[in-house]
Each structure stands twice: as C-alpha cells, then as structure tokens.
Amino acid sequence: MSRYNKMFTRLAAANQGAFVPFVMIGDPDLDTSLEIIQTLIDNGADALELGIPFSDPIADGPTIQKAAIRALDKGVTPKACLDLLKKLRETNPDIPVGLLLYSNLVMGPGIDGFYAHAAEAGVDSILVADVPLREAKPFLAAAKQYGIDQILIAPPNASDETFAGIGEHSAGYTYLLGRAGVTGAETAASMPASELVAKLRDVNAAPALLGFGISKPEQVKDAITAGAAGAISGSATVNLVEANLANTEQMLAQLGHFVREMKAATNKA
Amino acid sequence: MNKLDPKFGDYGGMYVPELLIPALDQLEQAYIDAQNDPEFQKEFIGLLTDYAGRPTAMTLTKNLVSNPKVKLYLKREDLLHGGAHKTNQVLGQALLTKRMGKTEVIAETGAGQHGVATALACALLGLKARIYMGAKDVERQAPNVFRMRLMGAEVIPVNSGSGTLKDAVNEALRDWSASYDRAHYLLGTAAGPHPFPTIVREFHRMIGEETRAQIMEKEGRLPDAVVAAVGGGSNAIGMFADFIDSPEVKLVGVEPGGKGIHTHMHGAAMATGSKGILHGTYSYIMQDENGQIEESYSVSAGLDYPAVGPQHAHLHDTGRAEYVSITDAEALNAFQLLAKKEGIIPALESSHALAHALNMADEAEDDTIIVVNLSGRGDKDLAHVQSILGVNFGE
C-alpha cells in the first residue's frame, strides 16, 4: 500500500481529514529548510508538498516566487533538493512526500532520469505545475515505471473530458483548485468545493485535497465539510518563513503553531 | 482534444497549468471559426489595408550592395502603422478577442513595440488593455510607455524576477489564469503555448505572400533567399511561412549574437543548442545546467528573449531554414549603413537581418536576389543608438 493510501486509511479511522503544508525546499537555505520541514512533520502535518525552486514559476503568486528566488540565490539545485529529501526520509519513513515543480526542471535530466532520482530519494508523488493532462503521457509513464503517483490538478473550469482523464489517471491524491488564478493567501478559495468533489467522486478520482488560497483553520474545516479529503496550504506557510528570516527559532515556533491549528481543524464533527 | 496540431515535430505543445487549457481551447476554436468566416476575413483585411497601410512596399536597395549584379530587396514592414510588423497579428488577435466576447486584453512587451501595437488596436476596437512590462524596460523605453498610455493602455511594471521581457510574460500568464473569463492574452510573438505559434504565424503570413507577389512582378522569379531577424520569431515566421514549400528559396533566420555567442551576453537560443520548456512551449531555450532559465541579452530589446518559437526549432532541425547570429556591433554597423546609403533608419532588430544579408550579398554569385524583412523602423532606437555612438556622432 502506498504511503498516501496508508495515510488516508489512518485518517478515515481517526475521522479526520488531511492537512498538507507546502514549503519551498532550500528556502531560506538548505539547512534551515530541513529544520522547517521536520518542524512541519513534528507538529502534525499528514503529508508534505515540497517545491523545487524554478526561475520562472508561472503558476505562483508573489509569496512562492520570492521563496524560489531566496533558494536560487543560495544556489539550491534540484539535485540538492532530492539529496535533502533522501536525508529526511532516513528519519521519517512513513510520511507521504510530494514534489511540486515545473516541467523544465524535469526535462533537464530527462523525464525518466528525474523520476528515477525522485524515487530513489523516497518521493511519493510528483506534480508538474505546467503539465496539463494533455501533455502528461510521458510523465505518467515514468511515474508508473518508478512507483511514483503523478498528481493531477482539477481546476474549477475543467471540461468533462479533463474530469474523465483525471478519473482515469489520477493516483495518490487529486489536487483540487479552490479558485482560478495563481497561488497566494491574499485571495481566498471561493469555489463551492462540494460540487467539484462530487464530480471527482463520479469519475473515481484519487481523494481530493483542496489547495490555492487556504490560509485559515476555518477554510480547512470548510474543505473537509465540502467532502474534500483534506487541504493544502502553501503561501500561508511560506509567509511565516518570509516573516521570520532573521529569527529561525521564532520561525519554527510560528510554523509549529500554524500546523497544529490547521491540523486541529481537520477533525470531522 | 486539439483541433489543430499543437506540435512542430517534437516542439511546441501546451505546457501550461491545467487551469489555462479551457482558455487556449476557446482561442483555438475561435481562430478556426474566424478563418472560415468571410466576414472576419473581410474585417481583418479591411483593417490591414485601410488602417495599417498594407500591402507594404518592396524596395530594391540602390547603394548598399557593391556588386551591381546582386539585388537586395527590403520588405518594408517599417512602413506599417505602429512602426513594425507587429500591428498585423495584433489586429487579428484583437478581432478574435471581440469574437470571443471578451472585453479586456492582456499583453507583455519588452521594447514596447508589441505593447504599442496592442494599445493602438485596443484603442481602435474599444478594448481595455493592460500591458506588462519589465520594470527595467519601463525605464529604458520611456517613449513607448508614453505612447501606450496616450492610447489608453495601462502599463504595469513588473518587478519580479529579472524585470525584463520573460518576467513580463510570466506576469501576463499569471494575470490570465485569474481573468480568462473576460480577458484575452494577446501574446506578442510566435512562441508560447499552442495555438499561439500557429495563430501568430497565420496573422503574419501576408508578409511572405506579398513578398512572393511583389518579387514575381519585379523579377519574374522567386528570390534565392529571404532573411529575417529571430527573437521569439514572429516577423521571421511571417516571412518564411509562404516559402516553406518552395525549396528553391533559402530561409535564413538571424539570432541576436549580443557581445558574441561564446559569451553569456547574447540571445541566440538556437546557437546554444539546448532544449527545454519556457512559457508553455518546448523549444530551444537558454538555461543553465540545472534547468533554470538564463537571462538573454541583445542591444535590440525586441530580440532579447531566452527562447525561440517552436516552429523555428523544427525548421532548424529539419534543415529547411538556416539560423545564424549577428553581434551587436555588426547590427549597429548595418543600422548606420542603411541610414547613410539608402536613407532608411531600420529598427535594431531588423538591422540584424540586414547585417547578415549584406554578408550574404558580398559572397553571392551574380544574379542573386535576396529579400530582407525590414520588420520595423528605428525611431524607437534613436536615443539608445545615440548613447552608444556618442552624442557628437558625425560632427
């Protein structure tokens, strides 16, 4: 059973949804980043969504763009990110780890090569932000070959054809977009998610995690009430990194507090 | 599913967030419908003729080429309203915007030429334009910023990333992913995700079609070569499209060699030979060994883009077109030569094509005919060139 499946089974038994924070690997530097990720785990994150910094992140708002720039300024490479995950995996054998990145970083070593390295680093899933279902074929094939779940995005405006494709190919979880636009905590999720969750259920998609604009415990609660299997919070998490660049201790304390609050909101009534 | 082929060999495609796929599909459908709609064609051709000034002239240079038996023609896109070829496809896409029932237009611009073309088309057709421009470019291209604003466009400086054209494209794509319901992204070159490379080529196709008709009339035969500058590649693909199936016509694209392609200061994506994905399309791009996009450089802001349109990548690999590079210094020399010898001040972009065509003409056999796409005029470059040559130039 995959780590995602185990997680969803465990959460179902506990009558909880999943809380999945996102941070950029290497932000603000590799050592602090490892501490940040460990803090997220220790404070109750059910799974992790981790970015590899890219120079031109077209799906990201200012918060995550800046995180990528901070990491790139420190010379963080995709290889260094995977090395960090390998290290993380040694002491955290169970938590599902998802990568979120852009296609050009995959094309460099070649799709096959990248997925092989990711599998070796203990990665459970890969989401390529600028690869829609229509271009996903070689990515899906590599994912299958290396035992990685290719995460697909279900946007609010997707056609029936796209929903059907998600049903056919999704694995691990389905990234449900709460709204249009780019990542960012400034604009809250606006969609009535229940309709989209129902559509995903109809096509037998992997469990839906709601992302984009999730920054408060109430939104996590709402997502789960709407039928999502959990929620992903990226920019709100990264904002706490950015706000405390001069004080790592305080940064980790605030991140820990944030994760505990968000996780507490995943308890179903 | 796509109705038109999104690829050129291995190149092209739609590498964008899933969220943008419906907007690109809508655009593809609107474009197909428009191409089959005589009313649309009539309106487009009407604007090109009565507003923009098509067909543009074809000028045989009188003094530029030393061998009197070699003919060098200029396709005068510099005479088009707006000062460059860009007006062609902008009018087409602006009409598509209206056809889709959208009221807003998003665009990116580097030097400001595509921004100016977008602003004029939106002013004419009653569309609301917002134009993303790198903060550095806003400073460097103040006259074009003023032009855009005069014509009612909102110019938004982009501070993220390097503050240049590629960042303006990123920001336009980000805007579009939140506004596709009411806004069209009027992409300015033959790059980006499908269907943009196809649409931009087809809305510039008349450059080559007119060239063919004009040269047949003047010379009774096709030219031996057509030469065009390549940044993203819109003027070049517009010139090439009608000649691709005429193998006797050599197609030559000229990339910006900047300070030399052995340095990092250039924009010759094909010359460096590395492939990847930028702004939604798989093509030749400038990147480091980790896949991070590198900054391009050229004296000509319009060629300063770290990728090239996917059809050019394909024409390169199949050998149908040849791609070379010309340095800043060579382009500046051609810029001055054309002014001095023919009384025409070309855009720095077009000066790259001209510089290479002059090299070709020097080595050509007798009775060779070469056509250069003079894609734009040099007014926008005057201050920049003056600052390079020195204010006391010519005294």
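Reply: What follows goes through a few of these pairs in turn. This is a predicted model, in which local features need pLDDT of at least 70 and side-chain atom pairs count only at pLDDT 80 or more, while totals for chains, interfaces and linings use all residues. Residues are numbered from 1 along each chain as its sequence is written, chains are lettered from A and ligands numbered from 1 in the order in which they are written, and side-chain values use heavy atoms, with hydrogens and water left out.

Side chains of opposite charge can pair when their charged atoms come close. Counting a salt bridge wherever a side-chain nitrogen of Lys or Arg is within 4 Å of a carboxyl oxygen of Asp or Glu, the total over all chains is 33.

One of them joins K75(B) to E210(B), with N and O 2.7 Å apart. This pair links distant parts of the chain, 135 residues apart, since K75(B) sits in strand β4 and E210(B) in helix α9 (DSSP runs of E, at least two residues, for strands, and of H or I, at least four, for helices, numbered from the N terminus). K75(B) is buried at 0% relative accessible area, and E210(B) is buried too, at 13% (buried is under 20%, exposed over 50%, partly exposed in between, with a 1.4 Å probe and protein chains only).

R174(B) and E171(B) also pair at 2.7 Å, but both belong to helix α7, three residues or about one turn apart. Here R174(B) is buried at 5%, whereas E171(B) is partly exposed at 22%.
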